[in-house]
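Here is a friendly walk through one protein model and its ligands. Have the sequence and the 3D view at hand, and follow along.

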Amino acid sequence: MTSGALVDEPLVLGIETSCDETGIGVVRGHTLLADAVASSVEEHARFGGVVPEVASRAHLEAMVPTIERACEESGIKLHDVDAIAVTSGPGLAGALLVGVAAAKALALGLDKPIYGVNHLASHVAVDQLQHGPLPEPCVAMLVSGGHSSLLKVTDITEGVDPMGATIDDAAGEAFDKVARLLGLGFPGGPVIDRTATSGSSIAIDFPRGLSSRRDLERHRFDFSFSGLKTAVARWIEAKERSGEPVPVADVAASFQEAVVDVLVRKALDAASSEGIEDIIIGGGVAANSRLRVLAEERATKLGIRVRVPRPGLCTDNGAMVAALGAEMVARGRTPSALDLPADSSQPITTVLV
Ligand code: KG4
Ligand code: ZN
């Protein structure tokens with residue numbers, strides 16, 4: 001698959017609408033020129049989670065103004081771009097459709113190639129906007145509201161090899177659910193991160209999922225967070241029953257430590273098992289301050305390098321899609337057909353449709 005036109009520093013506009021962020025990014029090669037994001041998160045807050053129909057409608061309303069903002073920010077004209085990239089999946093079906101339809105309209109109107117790319121692979125590719133070319137091979141740990149996986153990446157434009165994944169809740173989902181238990185609101189990750197700074201991470205010994213010797217035999221690189229969530233719920237219930245106040249900051253810090261401890265341990269084990277010296281962490285949960293510190297601390301001891309994009313690039317955005325699109329163009333991959341589908345369950349092994 002190397003029949004696309006080779007362009008050294010392609011100028012690519014990326015469109016991301018897989019969940020509740022309308023993201024439009026403009027990238028030249030590895031250089032970020034614009035990252036315009038319109039979020040509908042506040043419209044979902046009172047429901048405690050993203051409502052797909054509300055998200056789709058918000059994408060429709062935000063699409064054109066956000067494209068205009070990205071063009072203004074980057075100082076480009078739409079007809080300057082070499083290609084349009086868009087998240088084709090995975091994600092919410094209706095939300096994806098809005099982005100894919102917009103990308104098709106632009107590609108057709110401007111007569112430019114279109115690249116339908118994988119949302120998860122984009123979370124990995126975005127790192128090169130901050131830290132330069134991706135180290136390949138590397139192990140990528142993707143931790144977001146919908147996914148938690150460990151991947152081996154040899155060529156991000158060709159595909160990735162799954163090493164492990166969550167067997168129940170995603171890491172971000174666990175943050176969101178525990179925040180709800182603590183009455184901290186939605187989305188849970190950022191508020192737990194902030195609340196945890198005034199609590200003790202060793203106050204409560206919450207369980208580390210799939211970490212016993214027996215579990216490691218079958219699930220060495222897999223994650224499980226649903227038992228942890230239940231343990232937190234039970235702990236809070238017991239406190240409330242006894243009439244004592246719930247030490248919210250301690251629960252947040254101890255819960256966060258339980259998640260982050262397992263994530264870091266398994267990512268390092270995955271890299272070591274493959275003799276790989278570079279780890280990239282991506283997805284919304286990669287914005288977590290404790291995860292960033294602990295990963296760096298433990299990796300340094302093992303001589304492993306960890307790259308985590310700045311928090312604004314970890315959560316959903318259009319720049320990540322443009323970054324992967326630019327890589328597709330630079331490595332001469334064949335563009336997608338103009339009738340490319342939006343695939344809500346696009347597998348991680350399919351990085352380009
Ligand atoms: O990648 P993302 O923006 O959207 C998905 O593709 O899911 O990830 C959103 C998830 C949410 O569950 C949110 O609570 C979590 O990332 N998140 C965090 C932090 N910031 C966002 N989790 C822990 N700590 C954070 N600082
Ligand atoms: Zn995401």
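A residue counts as buried when its relative accessible area is under 20%. H123, at 1% relative accessibility, is therefore buried. Please keep in mind that this is a predicted model.

**N317 in the loop**

N317 is also found in the loop between α12 and α13. Is N317 buried or exposed? With a relative accessible area of 0%, N317 is buried. Its side chain reaches the backbone oxygen of L313 at 3.0 Å, and a polar atom of that side chain lies 2.8 Å from the backbone nitrogen of M320. Not counting residues up to four places away in sequence, N317 touches E16, G23, D35, V37, V126 and G312.

**Around ligand 1**

Ligand 1 is surrounded by 20 residues, and the closest are G145, D176, G189, D193 and G284.

| Residue | Atom of ligand 1 | Distance |
|---|---|---|
| D176 | oxygen | 2.8 Å |
| D193 | nitrogen | 2.9 Å |
| N288 | nitrogen | 3.1 Å |

Taken alone, ligand 1 exposes 550 Å², of which the protein buries 89%.

**The nonpolar cores**

The largest nonpolar core holds 49 residues, and M141, L150, F255, I279 and I281 have the most contacts inside it. At least two of its residues come from each of β6 (138–143), α6 (171–181), α7 (188–196), α9 (226–241), α10 (248–274), β9 (278–282) and α11 (289–302). Which helix gives the most to this core? That is α10, with 14 residues.

Setting aside neighbours within four places in sequence, L150 is in contact with residues including V139, A140, M141, M163, F221, F223, A267 and A270. Apart from this core lies another, of 34 residues, with L129, L134, A323 and A326 among them.

Conventions. Residues numbered from 1 in each chain as written. Chains lettered and ligands numbered in written order. Predicted model: local features only at pLDDT ≥ 70, side-chain atom pairs only at ≥ 80, totals over all residues. Heavy atoms only, no water. Core = buried A, V, L, I, M, F, W, Y, C linked by side-chain atoms within 4.5 Å. Buried < 20%, exposed > 50% of the residue type's maximum accessible area, 1.4 Å probe, protein only. Helix = DSSP H or I, 4+ residues; strand = E, 2+ residues; numbered from the N terminus. Contact = heavy atoms within 4.5 Å. Near = heavy atom within 4 Å. Polar contact = N/O pair within 3.5 Å; in protein donor to acceptor, adjacent residues only side chain to side chain. Areas by Shrake-Rupley, 256 points an atom, 1.4 Å probe, with all protein chains shown as cover.
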